[in-house]
Amino acid sequence: MTSSTETLLKDDFADAVIEGLSQRRKVIPARYFYDRKGSELFEAITALPEYYPTRTETALLDAHAPEIGRIAGPGKVVVEFGSGSSMKTPVFVEAVRAAAYVPIDISADFLRDAAAGLSRALPDLDILPVAADFTKPIALPRSVEGRSMIGFFPGSTIGNLSHAAAVDLLRAFRITLGADPWLAIGIDLRKNPRLIEAAYDDAAGVTAAFNLNLLARVNRELGGDIPLDAFEHHAVWNDDLGRIEMHLAATRDVRFHAAGETFFLRDGETIHTENSHKYMIEETRLLARAAGWQPIRYWTDARDLFSLHLWRGGGGAMEP
Ligand code: TRP
């Protein structure tokens with residue numbers, strides 16, 4: 001990355017922090033979680049005993065990705081939204097017998113790592129990385145134009161969006177994926193809130209460290225003096241909105257500086273950092289249809305913790 005790009009990104013972070021902490025209900029956008037330290041901590045979260053999504057989805061892919069390949073047909077171009085550095089990607093790409101792999105990510109660094117990892121696992125695969133913002137419809141490389149594509153969106157990342165934003169994103173995917181679009185998507189299911197809260201507030205404190213790293217990052221990168229011991233991680237199930245909310249809660253009245261501004265939080269006031277929506281199967285079908293997708297099949301684990309879906313696009317008949 002050039003230093004001018006870095007400066008731009010830093011300004012972006014500063015603007016987001018100033019704007020978010022100036023609200024009455026304070027927020028810092030979740031996209032800033034994933035610096036190097038944050039990415040390492042997230043990696044550790046995926047291995048926690050309480051964090052069921054990663055291992056459950058991996059088992060679903062191991063068991064059912066070959067069937068996805070049979071239903072959608074072999075020789076598809078796999079388009080992954082958010083570059084996969086995880087082990088799920090080679091399993092999926094191999095099981096569907098993909099003709100090519102197109103990872104899309106806004107971060108050129110993540111993209112490079114993902115492409116390198118995958119070419120090691122599958123040396124014969126044609127890999128065509130695209131650095132872009134996939135929340136809008138985008139043009140894919142000329143060499144895959146007109147070929148049949150299947151999107152891959154694991155990790156229940158869709159759950160980190162509001163319902164309205166999720167519909168917009170899934171429409172954008174459908175348009176990006178051309179005339180005969182397919183989508184394989186992992187969606188975490190609504191379940192006993194105690195299980196969900198444990199997954200987002202583990203006994204070892206890794207998720208707390210992940211959330212608090214956001215404040216440490218403000219201190220490191222934006223000249224902040226936030227006393228980290230004045231904040232604690234809260235993971236709260238919001239039953240009305242069907243989501244687990246992540247907050248950083250002040251444990252006393254606290255004043256600090258960041259990005260050249262002064263901020264104040266009262267004891268108990270929180271900074272909202274992330275949401276993770278959980279769906280019922282009926283809701284996943286509504287979500288698909290609202291975005292112009294037709295649900296084809298889905299698979300769940302024996303405990304109904306997580307779901308893997310295969311959807312097909314409207315075959316050109318749908319309006320964007
Ligand atoms: N996509 C993940 C999820 O919602 C991200 C995540 C896991 C996360 N644990 C977190 C985000 C804790 C913020 C805080 O499951």
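Residues are numbered from 1 along each chain as its sequence is written, and side-chain values use heavy atoms, with hydrogens and water left out. Because the model is predicted, local features need pLDDT of at least 70 and side-chain atom pairs count only at pLDDT 80 or more, while totals for chains, interfaces and linings use all residues.

The protein has nine helices and 13 strands; helices (H or I, at least four residues) and strands (E, at least two) are DSSP runs, numbered from the N terminus. Along its principal axes, the C-alpha trace spans about 60 × 45 × 40 Å. The radius of gyration is taken over C-alpha atoms, and the globule rule is 2.2 Å times the number of residues to the power 0.38. For 320 residues a compact globule would have a radius of gyration near 20 Å, and the protein agrees with this at 20 Å. Buried residues make up 51% of the 320 residues. Here buried means under 20% relative accessible area, exposed means over 50%, and partly exposed lies in between (1.4 Å probe, protein chains only). The accessible areas come from the Shrake-Rupley method with a 1.4 Å probe, and for residues only the protein chains shown count as cover.

Turning to charge pairs, a salt bridge is a side-chain nitrogen of Lys or Arg within 4 Å of a carboxyl oxygen of Asp or Glu. By this rule the count comes to 15 salt bridges. One of them joins the side chains of Glu269 and Lys26, with N to O at 3.1 Å. This pair links distant parts of the chain, 243 residues apart: Glu269 sits in the loop between strand S10 (261-265) and strand S11 (270-277), and Lys26 in strand S1. Strand S1 covers residues 26-27. Glu269 is buried, with a relative accessible area of 13%, and Lys26 also counts as buried, at 10% relative accessibility.

Asp239 forms a salt bridge with Arg190, the closest N and O atoms being 3.3 Å apart. Asp239 lies in the loop between strand S7 (231-238) and strand S8 (243-250), and Arg190 in the loop between strand S6 (182-188) and helix H7 (193-199), so the pair ties together parts that are 49 residues apart in sequence. Asp239 is partly exposed, with a relative accessible area of 48%, and Arg190 is partly exposed at 27%. The C-alpha atoms of Arg190 and Lys278 are separated by 4.7 Å, although these residues are 88 apart along the chain.

A salt bridge is also found between the side chains of Arg252 and Asp229 (3.1 Å, N to O). Arg252 lies in the loop between S8 and strand S9 (254-258) and Asp229 in the loop between helix H8 (206-221) and S7, so this pair ties together parts that are 23 residues apart in sequence. Arg252 counts as partly exposed at 37% relative accessibility, whereas Asp229 counts as exposed at 61%. Elsewhere, salt bridges that share partners join Lys26, Arg266 and Glu269 into one network.

On the surface, Asp11, Asp12, Asp15 and Glu19 gather in a patch of negative charge. Patches are made of residues with over 30% relative accessible area and no salt bridge, with like charges joined within 9 Å and nonpolar side chains (Val, Leu, Ile, Met, Phe, Trp, Tyr) within 5 Å. Lys and Arg count as positive and Asp and Glu as negative; His and the chain ends are not counted. The place of a charge is taken as NZ of Lys, CZ of Arg, CG of Asp or CD of Glu.

Most residues other than glycine have a negative phi. Ser156, however, has a positive phi, near 55 degrees; it is placed in the loop between strand S5 (149-153) and helix H6 (163-176) and is buried, with a relative accessible area of 5%. Asp304 has a positive phi of about 55 degrees although it is not a glycine. Asp304 is placed in the loop between strand S12 (293-300) and strand S13 (306-313), and is partly exposed, with a relative accessible area of 44%.
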